[in-house]
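Q: I am new to this structure and would like to learn how to read its features. Please take them one at a time.

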Amino acid sequence: MGLIPALEAGEVQVWCARVDEAVVASAVGLLNEEERARMERMRLGIARHEFVVGRGLLRVLAGAATACGAREVTIGVGEHGKPRVEGVEFSVAHSHGLVVLAICREAALGIDVEWVEREIEVLEIARSTFAPGEVKRIENAAAGAERAQAFFAVWTRKEAIVKAHGQGLTIPLESFEVPELETEQAIELVVKGSSQRLYVRGIDAGEGFAGAMAAGVEGLKARKVELAGDALTKLFIA
């Protein structure tokens with residue numbers, strides 16, 4: 001196996017990439033003119049670095065899957081603003097210096113990751129944003145780390161589902177309820193009278209993070225790939 005394993009039928013690859021200055025410098029060279037302009041409009045800091053690494057990773061992986069050079073990958077925009085590449089389905093998320101990217105051939109994907117070790121009013125947000133059953137689960141969790149974990153388990157699943165659907169946060173998060181189990185579960189999402197079945201599962205995003213992934217088909221085999229430092233730099237300059 002080379003740096004990038006072949007993207008097999010029935011498989012979803014979940015790439016986890018740690019951001020640092022050297023990695024960002026190696027990824028910048030893969031961006032096109034429009035992406036560089038977008039980067040320049042962003043404030044210096046971690047969000048800008050995450051964008052560069054996420055877009056560089058997408059170009060490398062989509063290029064490998066479609067037998068195309070990373071710089072030649074055409075990244076379009078779908079009906080609701082979701083990025084798209086002909087021949088593959090993908091989703092990208094980032095938080096606190098971690099970029100995650102899911103890619104497959106078969107069906108729409110949504111992925112989300114969140115850093116959980118931060119101070120936010122989880123009960124207040126849950127009560128104004130989540131379905132009643134989800135709010136109850138969070139209220140029943142012990143205050144502190146357990147409650148934060150419960151909150152972000154719900155949040156990441158909801159984010160993954162609406163991203164896989166394609167309409168993102170235009171879909172009210174309180175309009176559907178996500179399961180508590182880590183294993184893959186089906187969700188019937190009804191938006192404007194149209195129903196779509198999606199399959200959501202928790203993912204291991206590493207210590208201090210919560211993650212989830214949703215797909216338009218059931219039972220995709222997940223292959224996790226973690227890269228950081230020199231290994232990630234080599235991926236961008238290979």
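This is a predicted model: local features need pLDDT of at least 70, side-chain atom pairs count only at pLDDT 80 or more; totals for chains, interfaces and linings use all residues.

A: Residues are numbered from 1 along each chain as its sequence is written, and side-chain values use heavy atoms, with hydrogens and water left out.

Q: How many disulfides does the structure hold?

A: A disulfide is a covalent bond between the sulfur atoms of two cysteines. The test here is a pair of cysteine sulfur atoms within 2.5 Å. The structure holds 0 disulfides. For Cys68, the nearest cysteine sulfur is that of Cys104, 18 Å away. The sulfur of Cys104 has its closest cysteine sulfur in Cys16, and at 16 Å that is too far for a bond.

Q: Is Cys104 buried or exposed?

A: Buried means under 20% relative accessible area, exposed over 50%, and partly exposed in between, with a 1.4 Å probe and protein chains only. Cys104 has 0% relative accessibility, so it counts as buried. Cys68, at 27%, counts as partly exposed.

Q: What is the order of the strands in the open sheet with mixed pairing?

A: Strands of a sheet pair through backbone hydrogen bonds, either parallel or antiparallel. Two strands pair here if DSSP finds at least two bridges between them. Strands (E, at least two residues) and helices (H or I, at least four) are DSSP runs, numbered from the N terminus. The order in this open sheet of 4 strands is β4-β5-β1-β10. Its edge strands, each pairing on one side only, are β4 (89–95) and β10 (221–227). From one strand to the next, the twist averages 15 degrees; angles run from 0 to 180 degrees between N-to-C directions, and axes are lines fitted to C-alpha atoms, for helices over the stretch in contact.

Q: Which helix packs on that sheet, touching β1, β4 and β5?

A: Contact means heavy atoms within 4.5 Å. The helix is α3 (residues 46–65), whose direction makes about 25 degrees with that of β5. Within the sheet, β1 (residues 11–18) and β5 (residues 98–104) run antiparallel and are joined by 6 bridges. Ala17 stands opposite Val99 in β5.

Q: What is His165 in contact with, leaving aside its neighbours within four places in sequence?

A: His165 lies in helix α6 and is in contact with Ile171, Leu189, Val191, Gln196 and Leu198. At 18% relative accessibility, His165 counts as buried.

Q: At what angle do α5 and α6 pack?

A: Angles under 35 degrees count as roughly parallel, over 145 as roughly antiparallel, 65 to 115 as roughly perpendicular and the rest as oblique. Helix α5 (residues 132–140) packs against α6 at about 155 degrees, with their axes 8 Å apart. Therefore α5 is roughly antiparallel to α6. Among the residues that meet are Glu134 and Ile138 in α5, and Arg147 and Phe151 in α6.
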